[in-house]
Amino acid sequence: FWAAAARRRLRWIRTFDTAQDCDLSRGKIRWFEGGRLNVSVNCLDRHVDTCPEKVALIWERDEPGSEVKVTYRELLEMTCRLGNLLRRRGVKRGDCVTIYMPSCPMAVASMLACARIGAAHNVVFAGFSAEALSERIRDAQSSTVITVNQGVRGGKVVELKKTVDEAVRSCSSVQQVFVAMRTEKPAEMTAVDVALDEEMLKEEVVCEPAAMDSEDVLFLLYTSGSTGKPKGLVHTQAGYLLYAALTHRYVFSYQDGDVFGCVADIGWITGHSYAVYGPLANGGTTVLFESTPVYPNPGRYWETVQRLGINQFYGAPTAIRLLLKYGDQWVQKYDRSTLKTLGTAVGEPINTEAWEWYHRVVGDGRCPVVDTWWQTETGGICISPRPAEPGAEIIPGMAMRPFFGIQPVLMDAEGNVQNSTEASGALCIAQPWPGMARTIHNDHQRFLETYCHPYPGYFFTGDGAYRSKDGYYQITGRLDDVINVSGHRIGTAEIEDVVNQCPVVAESAVIGYSHDIKGQGVYAFVVLKQGVDAQKGDVSQQLKDMVSKRIAKYAGPDCIQLVKRLPKTRSGKIMRRVLRKIVERELESLGDLSTLDDPTAVQEIIQGHKELC
Ligand code: WT7
């Protein structure tokens, strides 16, 4: 199946010898070996050959009505100039370039220019702090960074170049920073800075594509795990591209000529697979959304749908929940008759109310809603309805069916595959698929321990799931200490690391709790050092600021409860399960407390929580 798809859907420089050579138990995942291709050629040149003037990108800029269209010919030109510039400035095949930019054509051209010359890219979400950025640059060992002078979002200017300046101060590897101009205001340039727009114009519009092996690295993308250190997941060329292209086509019922509107930022896997690679591999027209769902008002998405004639809209549950609260009139004001499919996911479950509203109000009850389950690790959608297929059923709030070639299994607590149709358990995937991540950059051992060893022979997703008697899947949430805040994935350990570094803090425990709009909020239990007589408000604010500054705004705790001690087992392990139950107000099901070291700790915390919330 995959070999036929790869032959038909990709343009090869040299065709592959074997479809796959994988052994999940050893973390060996290799697809289409012997094959050579160039991803940028697949996303650009082959469409320029047939329809050069077709619009590839619609850059939906922050200010409504100021969109910019870029044709395939123009995007290929930008990519080639940029590829030549990178090459001339010493970027080599196998190097890793860090991209810190908002969603815009130059960011896409940067990704594709890397692919053109055989460099890997590492896009870091432009909402990340200088420290988070610098950690990712260092881990990726990038010597080149590409950024913009300033970003613009929700009517506000964001000083991205300044953040890069701060970040590279602690990155000795960085030799050059390319700065594109998003606003008029010139950036203060340092010795390593290069004016991207000017330099690009000096380059040729033709750039020889590197012939890449199928399994060469296409990109790294950092995501959170259950320890403090983010992991750079590695995706490779052919398998990733094929999987993104195929899922884009079949999940969203994409057809030639459609305008595809994925509003996720390119800094996340959703932006990579469904704003860039999937649609471009299919020769589609894709929207790059720079703004927010409420700028300049809560009708923004639907006004954009009307103005650009969007056919498929792919958004996050957190935004849908937010917009639902503003009422139907913001949706009904605009003509949404072009819409055919509505997608949701982007990192979190959608509740039934939001699903129904999306379906009934946004889609006028006529557009199927696809709830898509996947992860940075999976490269593309793995479980989702495919509404174009005859008889396809969709049940609100369920991710429904595995995609072609995906074999989900549910494991019980003992690690046995659950054979009955109706079951719940740890979600694993029994067979490798072309889009899956190959390893963690510089840490294959961690890849094995996280994904391959928990259930030998299977890929462990970290999520729990339920399978109905009809064989449909519903995702029930993470089984580890990873939480999802407004669709942004974050490890509670990362937040704890920052909180614990505050001089007055002795220790802390961070957990996620259900939040109306964000899906999950961040709740921090903090023990102050002995003798610290901190003004409660001050410490809380200080901790929130620290987390925003060190990680990103969205990671800042919504709630901070100062406690005398944390509930621990006699061996000193924090009982997070108990903390979660307290915060979710499920006091009747605190569970077995017999292993608690000091039972009064729990009573104190329950009392404190009542007073706080
Ligand atoms: C985690 C992955 C959607 C991909 C982009 C985010 C959660 C993802 C669903 C869904 C419920 C979902 C899982 C997963 N998740 N899709 N349809 N229903 N939960 O990728 O940042 O790597 O996050 O998002 O917990 O493990 P990510």
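Author: Happy to. Strand β15 (residues 231-236) runs antiparallel to β14, and 6 bridges join them. Bear in mind that this is a predicted model.

Reader: Which residue of β15 is the bridge partner of Phe219?

Author: Phe219 sits in β14, where it is also the bridge partner of His121. On the β15 side, the bridge partner of Phe219 is His235.

Reader: How many bridges join β7 to β14?

Author: Strand β7 covers residues 120-123 and runs parallel to β14. The number of bridges joining β7 to β14 is 2.

Reader: Is β14 largely enclosed or largely open?

Author: Strand β14 spans residues 217-223. A residue counts as buried when 20 or more other C-beta atoms lie within 10 Å of its own. By that test 7 of the 7 residues of β14 are buried, so the strand is largely enclosed by the rest of the structure.

Reader: What is the strand order in the open sheet with mixed pairing?

Author: The edge strands are β5 (68-71) and β20 (369-371), each pairing on one side only. Strands β16 (residues 259-262) and β18 (residues 312-315) pair in the parallel sense over 3 bridges, with Phe260 bridging to Gln312. The 7 strands of this open sheet run in the order β5-β4-β17-β16-β18-β19-β20.

Reader: Which strands does helix α4 touch where it packs on that sheet?

Author: Helix α4 covers residues 105-117, and its direction makes about 135 degrees with that of β4.

Reader: In the antiparallel open sheet of 4 strands, by how many degrees are neighbours turned on average?

Author: The order there is β21-β22-β24-β25, with β21 (408-411) and β25 as edge strands. Inside it, β22 (residues 423-429) and β24 pair over 6 bridges, and Ile429 has Phe459 of β24 as its bridge partner. Ignoring direction, neighbouring strands are turned against each other on average by 45 degrees.

Reader: Which element gives the largest share of the shell around the ligand?

Author: There are 22 residues around the ligand, and Gly347, Pro349, Thr376, Ile475 and Arg489 come nearest. The elements giving two or more residues to the shell are α9 (269-281), β24 (459-467) and β25 (473-478). The largest share, 3 residues, comes from β24.

Reader: And by class, how many nonpolar, polar and charged residues does the shell have?

Author: Gly counts as polar in this scheme, and Gly347 is among the residues that come nearest to the ligand. The shell has 8 nonpolar, 9 polar and 5 charged residues.

Key: Residues numbered from 1 in each chain as written. Predicted model: local features only at pLDDT ≥ 70, side-chain atom pairs only at ≥ 80, totals over all residues. Pairing = 2+ DSSP bridges. Contact = placed C-beta atoms within 7 Å. Axes fitted to C-alpha atoms, helices over the stretch in contact; angles between N-to-C directions. Near = placed C-beta within 6 Å. Buried ≥ 20, exposed ≤ 12 C-beta atoms within 10 Å, placed from the backbone.
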